[in-house]
Amino acid sequence: MNLLYLTIIVPLLSFLIQVCFGRQIQSINVKLIGISTIFIVGLITIFSCIDFSTNTVPDMTLVYTRNLWTWFSVGDFEVPISLTLDGLSLTFLVLISFFGLLISIFAACYLKSREDIYTFYAYSNLLITSMLTVVLVDNLFVMLLGWEGVSISTYLLIGIYYKQARNGYAAVKAFVMMHLTDIFLIIGIFLLYQTVETLKISEILFKAHNDLAIDSDIIFWITIMLFLGAMSKSALFPMHTWFTETTLAPMPAVALLQSSTVILAGVYLVLRLSNLFMMSSDTLYIMLLFASLTIIFASSIALVQNDIKRIITYINLAQISYLFFAFSTQSWNLSLNCLINYSVTSTLLILASAILLKQCQGERDISKIGGLLKSNPILYAIFLIIMLSLSAFPYISASFYIKGDIIWRLMAQDSLMAGTIGLLGVLLSSLGIWRIIFLVFHHTHKIDHIIKIKTINYFPIFILLIFTTALFIYFPLPIQGIIPIAHLDTQEQLPFRILLSAVTILSLVIAYILYGHLNSEVHEILNTPMVKFLGRLCKSNWRFDFVLNNIFVKPYIYLADFLKKDPLAIWDNWIMWGIKKINSYIVSLENGQIRWYMVSMVIGSIIILMLLIFI
């Protein structure tokens with residue numbers, strides 16, 4: 001564990017080397033540097049896991065702290081730079097290094113452009129550095145450095161193709177949207193320091209538990225500010241717009257942004273401060289509300305998109321919400337298993353879609369692709385396995401148990417509406433994947449030339465496929481004593497599991513009717529005015545961008561144009577005009593005649609006497 005600081009230093013040095021000298025280094029060397037960097041981080045992670053397990057004492061919580069130096073101090077306020085490793089941060093360290101290594105290997109086979117290669121590996125190393133800073137530090141003020149580094153890395157990765165104006169605007173939009181909620185995070189940190197007079201996370205949790213009342217006003221405002229701060233990184237509605245803009249990045253960058261790094265930042269903040277969030281039931285209810293809106297919003301839009309990158313993006317967006325369903329029911333250990341399952345499934349979906357795009361020469365419209373079953377049965381099988389995971393296929397997929405337990409716990413706590421939305425999300429997400437499978441692999445062959453994909457491209461995918469099965473549920477995570485562990489009552493859960501299985505089977509039936517064998521009766525239903533209206537509404541993203549543009553963007557542009565004309569200068573001009581007029585009138589009185597001077601002296605004397613008498 002003494003080498004823990006190298007997990008941050010090594011990718012940071014790699015980023016600096018590739019930014020400064022990447023254009024002069026050959027592409028193969030850039031790939032080797034990028035992969036070797038994450039491999040070294042992975043080795044240090046393995047050594048840390050071995051060291052952690054050998055030093056762990058039963059019924060005790062092991063916390064390793066490495067003090068590096070004091071950043072600055074003002075009076076009694078001191079900000080130390082120190083790294084802390086416990087079971088939770090070790091879990092996230094394993095996730096980041098594991099998925100980072102797989103995506104780096106995939107990118108080496110996928111990316112061909114020399115400029116894309118060095119920019120991707122440089123910016124991805126900066127993102128890994130920022131994420132590990134968030135995970136390993138024990139001070140909220142220092143965490144802000146990594147937090148802002150994640151935003152900057154997201155901006156850089158989305159804007160890799162910055163010469164295209166659309167990509168530049170998307171990168172700026174993502175950067176702005178992330179920083180809008182960062183304001184709330186900073187306010188929450190200020191409130192915490194004002195209340196408990198420390199920013200060290202372990203001390204915050206201890207003092208809050210002893211000194212603050214459950215469901216008090218200050219607890220509500222602290223937790224709601226922290227949750228709003230985490231919303232943008234977690235891409236919950238309505239702060240999801242940066243998440244959809246990631247589709248303009250290369251597919252390996254999309255995998256990093258959507259599945260294994262940026263999303264982990266917001267989730268880690270909530271998990272790390274889970275004991276604090278448990279003290280505010282109102283904040284947990286607000287989490288539940290936003291998660292429900294996100295599921296309905298994202299899963300419905302995914303059904304009508306034709307761009308495969310946008311389809312998988314909205315499907316992944318819907319899956320994130322199940323994490324916050326688990327948070328709202330205080331199933332913190334279950335949420336961590338859900339996070340692992342989400343990272344595996346979303347990364348699989350993105351990498352499989354990347355191979356599909358490469359095979360179809362960059363064609364992203366699934367309506368223009370068809371009949372790929374014969375040319376690539378391996379990819380077809382991969383998409384089927386992904387579908388089984390997303391649809392929570394009974395007793396085979398890990399998500400059947402994880403999502404099932406989350407939705408069951410919602411219903412057990414009388415959140416029937418949220419539980420129904422959870423089941424609806426499973427159904428709609430399954431339909432989204434079935435739609436891809438039927439339109440891309442079945443029907444008429446529409447692509448003339450299919451590019452053959454090398455087997456090495458499938459290597460990361462084959463590894464991840466193993467973790468989607470029910471063999472890998474409820475990992476023995478070292479979180480005892482760090483986050484609260486809720487015990488789920490599994491009595492009378494069998495009828496619910498039958499219901500969840502029925503939803504999975506129903507998705508197959510509906511998908512076959514809509515996409516496999518569309519008959520005339522179904523075609524007439526789809527052409528009804530109500531269905532067409534709903535389709536247009538979903539295709540336009542629920543008119544969210546239109547509302548956002550009219551409420552925020554247009555008033556801002558109007559105000560900017562108004563201020564551009566400098567309205568204060570207009571008042572200055574009027575004042576100067578008035579002074580000039582008065583001055584010209586006074587000057588006209590200077591005519592050289594003595595009687596005018598005598599009269600002005602008399603009038604002035606009278607005014608002075610009046611002031612002396614009456615004041």
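The dialogue below goes through several features of a predicted model and how to read them.

Colleague: What should I keep in mind about this model before reading its local features?

Modeller: The model is predicted, so local features need pLDDT of at least 70 and side-chain atom pairs count only at pLDDT 80 or more, while totals for chains, interfaces and linings use all residues. Residues are numbered from 1 along each chain as its sequence is written, and side-chain values use heavy atoms, with hydrogens and water left out.

Colleague: How many helices and strands does the chain have, and what share of its residues is buried?

Modeller: Helices (H or I, at least four residues) and strands (E, at least two) are DSSP runs numbered from the N terminus, and here they come to 25 helices and 2 strands. Buried means under 20% relative accessible area, exposed over 50%, and partly exposed in between, with a 1.4 Å probe and protein chains only; buried residues make up 53% of the 615 residues in the chain. The C-alpha trace spans about 110 × 65 × 60 Å along its principal axes.

Colleague: Which residues have the most contacts inside the largest nonpolar core?

Modeller: In soluble globular proteins, nonpolar side chains tend to be buried together. A nonpolar core is a set of buried Ala, Val, Leu, Ile, Met, Phe, Trp, Tyr and Cys residues joined through side-chain atoms within 4.5 Å. The largest one here has 198 residues, and those with the most contacts inside it are Phe92, Phe120, Phe227, Leu276 and Phe324. Helix α15 (residues 332-359) gives the most to this core, with 17 residues. Contact means heavy atoms within 4.5 Å, and, leaving aside neighbours within four places in sequence, the partners of Phe92 include Val135, Leu264, Tyr268, Leu336 and Leu339.

Colleague: How are α3 and α15 oriented, parallel or antiparallel?

Modeller: Axes are lines fitted to C-alpha atoms, for helices over the stretch in contact, and angles run from 0 to 180 degrees between N-to-C directions. Angles under 35 degrees count as roughly parallel, over 145 as roughly antiparallel, 65 to 115 as roughly perpendicular and the rest as oblique. The axes of α3 and α15 come within 12 Å and cross at roughly 5°, and the two helices are therefore roughly parallel to each other. Among the residues that meet are Phe92 and Phe99 in α3 and Leu336 and Leu339 in α15. Ala, Val, Leu, Ile, Met, Phe, Trp, Tyr, Cys and Pro count as nonpolar, Asp, Glu, Lys and Arg as charged, and the others, Gly among them, as polar; on that basis the contact of α3 with α15 divides into 16 nonpolar, 3 polar and 1 charged.

Colleague: At what angle do α3 and α19 pack?

Modeller: Helix α3 (residues 87-110) packs with helix α19 (residues 459-466) at an angle of about 150°, their axes 8 Å apart, which makes α3 roughly antiparallel to α19. Phe98, Phe99, Leu102 and Phe106 of α3 make this contact with Pro460, Ile463 and Leu464 of α19.

Colleague: Is Glu245 buried or exposed, and what does its side chain join?

Modeller: Glu245, in helix α9 (residues 241-245), is buried, with a relative accessible area of 6%. A polar contact is a pair of N or O atoms within 3.5 Å; within protein, one must be able to donate a hydrogen and the other to accept it, and residues adjacent in sequence count only if both atoms are side-chain atoms. One of 3.1 Å joins the side chains of Glu245 and Arg166.
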